[in-house]
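Please read the points below alongside the model.

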Amino acid sequence: MEQHHEHEHHEQGHQQEHQHHGHAHAAAGGPVSWGTAARATLHCLTGCAIGEVLGMIIGTALGWGNVQTMILAIILAFFFGYALTLRGVLAAGVDLRTAIRVALAADTLSIAVMELIDNGVIALWPGAMDAHLSDPLFWIVLAIALAAAFVITTPVNKWMIGRGKGHAVVHQYHH
């Protein structure tokens, strides 16, 4: 009985430590704060933004059309989104195969929603697809598109983390 109480006390301390660092340990599901969801979304947004901008720079430099450049930007957004998660999970000592599975589970839906919104805004904004990197319209619309993607993807991440999915999968490797 005493051992069970000590284990229970250790688990409570562990959960408080995660919450202190801004990570609600929701691997088993449960209530998730908007702050936790926003941090997970910001993590995803960082990788997506790096990939988007790099893809647009490369596509523009190579003289590619809009479709080819957008495809490259989306591929790179997924790549960098996954890479940021892989970096953290591998640093926790997880083997590469497991780390890849964790990254795919944690980020696929989040990145997909983010890319759908981000690229949808850019594609639908008048003149945005034809704006060059030196054009302020390009950067203004990209910023608006990324902000819209963040706002729409945060509730998706909150829902997923609350069900033990998405970034909840990553948190078990952050000790």
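The numbered points follow.

1. This is a predicted model, in which local features need pLDDT of at least 70, side-chain atom pairs count only at pLDDT 80 or more, and totals for chains, interfaces and linings use all residues. Residues are numbered from 1 along each chain as its sequence is written, and side-chain values use heavy atoms, with hydrogens and water left out.

2. Helix H3 (residues 66-91) and helix H4 (residues 96-124) pack at about 145°, with axes 8 Å apart. Helices here are DSSP runs of H or I with at least four residues, numbered from the N terminus. Axes are lines fitted to C-alpha atoms over the stretch in contact, and angles run from 0 to 180 degrees between N-to-C directions. By class, the H3 contact with H4 has 18 nonpolar, four polar and two charged residues. Ala, Val, Leu, Ile, Met, Phe, Trp, Tyr, Cys and Pro count as nonpolar, Asp, Glu, Lys and Arg as charged, and the others, Gly among them, as polar.

3. The axes of H2 and H3 come within 7 Å and cross at roughly 145°. The contact of H2 with H3 has 12 nonpolar, 10 polar and one charged residues.

4. Ile58 lies in H2, residues 34-61. Ile58 counts as partly exposed because its relative accessibility is 31%, the class between buried (under 20%) and exposed (over 50%), with a 1.4 Å probe and protein chains only.

5. Gly127 sits in the loop between H4 and helix H5 (136-162). With 40% relative accessibility, Gly127 is also partly exposed. Its C-alpha atom is separated by 9.6 Å from that of Val141, 14 residues apart along the chain.

Conventions
Helices (H or I, at least four residues) and strands (E, at least two) are DSSP runs, numbered from the N terminus.
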